[in-house]
Amino acid sequence: MAPGEQDSERKVVEMRMSRPCNEAGHEAASGDIQISFIIPCYNETPEILADTLRNLHAAMDAVPISNSEVIVVDDGTTRYDYRQSLPFDRERLVRHKKNRGYGASLSTGIGEARYDWIGIVDADGTYPVGLFPSLIERAGEYDMVVGSRSWGSIPWVRRPTKWLLGKVAGSIAGVAIPDLNSGMRIFRREIAQAHPRIFPSGFSFTSTLTMICMTEAREVAFVDIPYSVRTGDSKIHPLRDTVGFFALLLRLSLYFRPLRFFMPLTAVILLAAMGRGIRDVWVGNHFGGLTLVLFFAAFQVFFFGLLAEIINKK
């Protein structure tokens with residue numbers, strides 16, 4: 001079977017919402033796409049970065065797209081001098097003077113991008129950049145196309161956290177999300193430009209982007225891709241970044257879907273009030289002060305949620 005036929009048979013999970021992709025309509029075909037690829041890089045070995053660039057160029061040379069560019073964002077690397085190690089004859093190198101984070105690197109790259117579509121991928125060789133054509137061929141139908149990693153490719157130690165994050169994110173968005181924070185995807189630049197203050201400087205950038213698209217009812221496709229074992233040390237801190245992910249989901253819930261946060265909280269407080277009230281009546285034949293406080297708190301939280309929802313819809 002030819003590579004193109006294999007790509008066409010890859011599992012695609014479509015997230016079609018009620019909102020159209022954009023006011024201008026869909027591109028007719030991948031040949032009309034103009035795309036800027038952004039590769040954030042921090043202390044990656046030049047050999048691995050060179051392999052990623054080589055494979056990306058080989059994939060793009062085989063795709064009939066209108067224009068493309070590759071932007072490498074050096075996030076304050078201290079171990080290597082990429083300008084001396086790599087030719088950069090087909091790429092642009094942008095450098096931060098100090099380490100600012102994965103999300104900040106992507107934001108810098110988006111600001112430097114010339115084209116309306118953005119492609120992102122890590123520099124460490126874990127993602128199959130050769131499969132970008134299978135994402136690009138669907139760009140005319142969607143606002144974002146995500147390379148979704150198979151469950152079996154995720155290390156065992158990260159699976160429980162990833163599963164829980166996915167469930168919480170899906171509950172907020174109201175739809176199952178196959179891969180919340182995949183680092184290989186393409187998306188319309190205007191999505192990121194519309195929310196410059198929301199995106200964090202750390203690893204939560206991709207999770208934020210996914211949640212924005214889901215909660216704004218944009219059209220998203222998830223295409224199955226393999227995922228390789230990373231060469232070198234991971235930059236993700238298991239405890240700190242996991243706490244950060246959950247804090248991010250809470251913030252995004254309050255920003256985009258406030259009722260999905262306030263309604264469950266109201267229900268919990270109301271159940272506590274009812275339980276306490278039953279106990280008070282059983283023991284003393286009257287409602288105690290704590291019961292009344294809990295009932296008032298439940299109503300206050302409920303109305304705060306309504307107010308936040310009204311403000312959000314304006």
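**View 1. The largest nonpolar core of this predicted model has 37 residues.** A nonpolar core is a set of buried Ala, Val, Leu, Ile, Met, Phe, Trp, Tyr and Cys residues joined through side-chain atoms within 4.5 Å. Buried means under 20% relative accessible area (1.4 Å probe, protein chains only). L49, M60, F132 and I186 have the most contacts inside this core. At least two core residues come from each of β2 (34–41), α2 (46–61), β3 (67–75), α5 (132–136) and β8 (220–225). The largest share, six residues, is supplied by α2. Helices (H or I, at least four residues) and strands (E, at least two) are DSSP runs, numbered from the N terminus.

**View 2. Surroundings of L49.** Leaving aside residues up to four places away in sequence, L49 touches I39, C41, V72, Y82, L86 and A123. Contact means heavy atoms within 4.5 Å.

**View 3. A second, separate core has 35 residues.** Among them are I38, I172, I191 and L252.

**View 4. Helix α10 covers residues 258–284.** P258, F262, T266, I269, A273, G277 and D280 are buried in α10. N285 follows α10, with a positive phi near 65°.

**Notes.** Residues are numbered from 1 along each chain as its sequence is written, and side-chain values use heavy atoms, without hydrogens and water. In this predicted model, local features need pLDDT of at least 70 and side-chain atom pairs count only at pLDDT 80 or more, while totals for chains, interfaces and linings use all residues.

Note on methods
Expected span 1.5 Å × (residues − 1). Buried < 20%, exposed > 50% of the residue type's maximum accessible area, 1.4 Å probe, protein only.
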